[in-house]
Amino acid sequence: MDYQIHTLRNGIRIIHKQDKSPVAYCGLIINTGSRDEKEEEHGMAHFIEHVIFKGTKKRKAYHVLSRLDDVGGELNAYTTKEETCIYASFLKQDFERAIELIHDITFNSTFPEKELAKEKEVIVDEINSYKDSPAELIFDEFEEMLFKNDPMGRNILGTEKKLKAFDEDMIRTFMRSNYSTDQMVFCSVGNVSFKKVVKWAEKYFGQQEENLRDYDRPAVNLYVPESQTIEKDTHQCHVIIGNVAYDYKHDKRLHLHLLNNLLGGPGMNSRLNMALREKNGIAYNVDSSYAPYFGTGVFSIYFGTDEENLIRSFNIIDKELKLLREKPLGSLQLYKAIRQLKGQMTISNDNRENLMLSMGKSFLLYDQVDSLEKIYKKIDGIKSADLQGVANEILSPDKLSYLIYQ
């Protein structure tokens, strides 16, 4: 991958890929998320992601939101368990405008009390909307099961009670402790020279005082498989089956990505979709997912079905998992699985916003970005025996947890 890198004196890293498109993208990815919160701060990382848009030392909320909108651009943000990202898309001639704005809201937000109060109500509505959506809520409750009494298991949104206690002092304390300059990556893709990107990054981000992280994320609590059934007033049963999985540095993480894609990935021909939906017509939504984190990971299978088909669905899924554990893929099956994953990755990378974000996250975690060709070579090296070994580690019946909304 043809990218260029630079590190500012305060530790903020810059990565840029020059591209011929008239549209450019940039973002600041911060290695801070909900698992970095203390118990009384539950929901703080996500709350900050909302309120940094509500006014800075030189802009009111309206002017923050209009700064890129006025020139046809977009400004956005997201929070995960381990990262916060503020990013933008815009025409290439507005590149400096975007960099300056992202810097301004990250480092100069004023957190007006009236705006904090309004945004708390918005997030309470967001929390309540999750409660009305069992297909989304079940993922949060499943991770609470996997990581019992651990910050890793807490949902990103927080609780209404904790949220209402947040004030400006708590926000600034959290940001001082977690918005560390050596844990930030500014990433960009666009038809602008790297020399200009570095010049603008130095002009804005380079003026920030160095703030280095002085802690390591603790190891997660020991995982103990368990099963829970929760009574819900829903039309369908919602189910998650899963296990803790490889962390983001594990040498088998790519193997599990391939296995997950084969089992329940986005392709309509995934094994679970074919077995439950296409062949038997007993589930509209079925998929599997794998998310690697620092020191741990999560693998899960989700499906929704009518109560009378619940046991039948379990039996079909058990059969598919048993096949992966006991029967190695044939050479043609392996070839197709590898080709499918490589094709999906290539198409995703063709989306320049996806490319910018994945490039930035890779640089944040690994201090490098592998080219697609290098990743392809690693995928091509995966053997049937490797996938079978991973299936027996991750999909072993005695290691799986179950959460059922019935």
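Let me begin with Gly-55, which counts as buried because its relative accessibility is 3%; buried means under 20% relative accessible area, exposed over 50% and partly exposed in between, with a 1.4 Å probe and protein chains only. The model is predicted, so local features need pLDDT of at least 70 and side-chain atom pairs count only at pLDDT 80 or more, while totals for chains, interfaces and linings use all residues. Residues are numbered from 1 along each chain as its sequence is written, and side-chain values use heavy atoms, with hydrogens and water left out.

Gly-55 sits in the loop between helix H1 (44–51) and helix H2 (61–69); helices are DSSP runs of H or I, at least four residues, and strands are runs of E, at least two, numbered from the N terminus. Leaving aside residues up to four places away in sequence, the contacts of Gly-55 include Ser-109 and Phe-111, where contact means heavy atoms within 4.5 Å. Thr-56 belongs to the loop between H1 and H2 and is buried at 7% relative accessibility.

I turn now to the aromatic rings. The whole structure holds 11 aromatic pairs; rings of Phe, Tyr and Trp (its six-membered ring) pair if their centres lie within 6.5 Å, and planes under 30 degrees apart count as stacked, over 60 as edge-to-face and the rest as tilted. Phe-90 and Phe-95 pair edge-to-face, 5.3 Å centre to centre with 80 degrees between the planes. Phe-95 is buried, with a relative accessible area of 0%. Ring pairs join Phe-90, Phe-95 and Trp-200 in a cluster.
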